Amino acid sequence: MSGSLTAATSGCDLLGAMAVGSITALGGGTIRDAVILRVVPFWVEEWEYIVMAALAAGGVFFLWGNLEPGREVLPGLVLKRADGGEGNLMALGDALGLGAFAAVGAMNGIRAAAPPLVSAICGLSTCTFGGVMRDTLLNRPVRILHSYSDMYATIAFGGAVGYLGLRALAPAAQGLRIAACVSGVVGARYMAWNDDWRLPYWKGKTVVHSDLDPRKKQK
Amino acid sequence: MSGSLTAATSGCDLLGAMAVGSITALGGGTIRDAVILRVVPFWVEEWEYIVMAALAAGGVFFLWGNLEPGREVLPGLVLKRADGGEGNLMALGDALGLGAFAAVGAMNGIRAAAPPLVSAICGLSTCTFGGVMRDTLLNRPVRILHSYSDMYATIAFGGAVGYLGLRALAPAAQGLRIAACVSGVVGARYMAWNDDWRLPYWKGKTVVHSDLDPRKKQK
Amino acid sequence: MSGSLTAATSGCDLLGAMAVGSITALGGGTIRDAVILRVVPFWVEEWEYIVMAALAAGGVFFLWGNLEPGREVLPGLVLKRADGGEGNLMALGDALGLGAFAAVGAMNGIRAAAPPLVSAICGLSTCTFGGVMRDTLLNRPVRILHSYSDMYATIAFGGAVGYLGLRALAPAAQGLRIAACVSGVVGARYMAWNDDWRLPYWKGKTVVHSDLDPRKKQK
């Protein structure tokens, strides 16, 4: 849904929004499967995922304009803000998905017998590469890399690491560690959002990279 | 040829134009093979494709400037428009390639025993991801996603679906369904070009996505 | 290190700089393994590479600001220029890495029994795709494609071709041909840098590509 909205507001047409929406939803798992773990992407066998992602993206494309801004769907939760932006219900859904993707990605790494660090990177990739592709395709600054946004990828990585740690401690309790991963990620995202958690970055960034610099030959 | 020209006019040097030209030509099939179907990309064994793509890209890079603008190569068909842009002969070649790529991509999906939807996506990918990579590498808006351009990816997808449908109806007549796919795609592209077919898009696009929005915390 | 610095000066936070730095270092080999040769990326088994790349990127992120500009580390070699840019010691390290990556990439192609042209492209990919991903993720013009920069990809490709040629001439002398490849690449980069070697490009580039051109329907 976020991919479709971002695409539509960037001037994409219906197919563009459906394509970007589907890639945002499925792209992270695709990179995990095809590049890191070298298995067939999950949606080749279970193609229902493509249909669901494309329908959700297409539905948002058509219905968003008719949504009443600022209306509470649940107490305190709105889908569309009064100013037309994405409401906190979408942020909640995103956080739930983030936790689930971190756990699922880490599980996929374990199932493929990858080293723990690579399994954690599988969790991180599942969560983030869809959004990276969305931003790259739309020529926007990649959100998760930048200091203007609150913590996201760090929390996803932390969730995957937590999942793997709990698995090492108590291998049997799978349901418990999934619940812990999802609720931990949702809680951390809530705090990052509210308290504006930021990683360190370079203030007053001056471009020192030499590639484009006519003075580069000076020592 | 389109990749090389776009690269050259974007300030790329000879190698850049040859690289972008080859990636435009071979990139779609590479994604189809390496990511979706998990086979070795077709050009690893049949490396003549690389040579042909690189030579075509390099040839266009050097020869385009010497081409006489507006000259009819065939009656009514020009390679280079009077104003120096790509003529309708290149659009025709592109449409022929689009139809062939849609059929070949769908065939590859079938050969790998992929579900029909995934085979159709193989056709779409073969047609479009080369151009997506061209635009991403050159920091241009991705053409097929956007509303400013007439229908392209939709027609490619339709061609692949048509090919798969004809195959289900009459499995023996391969030559016939390839011809139908190519001529259908060329005809649809001709009409899309002439009548300016567009998919729906959001008019007066206002950016509502919250990532960059300082007001995002308001409900 | 170059990836981390470029990311930090583009406004990335710590994790962004570490991610972009690691992708710059490992991305070329990943494309070579996962896309071209269809083996598991080298860093899945040997995950120490990820740790090293991430630590180097994180170290540069924190320490660069404290480096004294213009200080010679070795006679005539500075890490950070007087104006704060990357010094010639980094260019030397980059050239050494370029030669080694070209040889290693070509070796990987040979080990996978790829045709010679594909092995040379493996060398080229190992050298360049990391930087291509860095520039694409940061929304910068892709350095190696453009005429504003001195020769880079051409030299990498030449190094890989030279390695493969020496291997065909004298299959036993592996150490010798690695040394020849690395020193040839370093020498060529030195001359390209000093004498400003450029490939041909289109001067006064006028955009002739028709996609965005309202006049495209004129013949």
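1. A salt bridge here is a side-chain nitrogen of Lys or Arg within 4 Å of a carboxyl oxygen of Asp or Glu. With that in mind, the count between chain C and chain A comes to 0 salt bridges. Please remember as you read on that this is a predicted model.

2. What else holds polar interest at this contact? Between chain C and chain A there are 5 residue pairs in polar contact, counting pairs with both residues at pLDDT 80 or more.

3. Which parts of chain C face its neighbour? On the side that touches chain A, at least two residues each come from α1 (2–9), α2 (14–36), α3 (42–45), α4 (48–63) and α6 (116–137) of chain C. The largest share, 7 residues, is supplied by α2(C). By residue type, this side of chain C splits into 26 nonpolar, 13 polar and 12 charged.

4. Now to the extent of the interface. Chain C brings 51 residues to the contact and chain A brings 36 residues. About 3,900 Å² is buried between chain C and chain A, and carbon and sulfur atoms give 62% of that area.

5. How are the two copies related?

How values were computed:
Residues numbered from 1 in each chain as written. Chains lettered and ligands numbered in written order. Predicted model: local features only at pLDDT ≥ 70, side-chain atom pairs only at ≥ 80, totals over all residues. Heavy atoms only, no water. Contact = heavy atoms within 4.5 Å. Buried area = accessible area lost by both parts, 1.4 Å probe. Polar contact = N/O pair within 3.5 Å; in protein donor to acceptor, adjacent residues only side chain to side chain. Helix = DSSP H or I, 4+ residues; strand = E, 2+ residues; numbered from the N terminus. Nonpolar A, V, L, I, M, F, W, Y, C, P; charged D, E, K, R; others polar.
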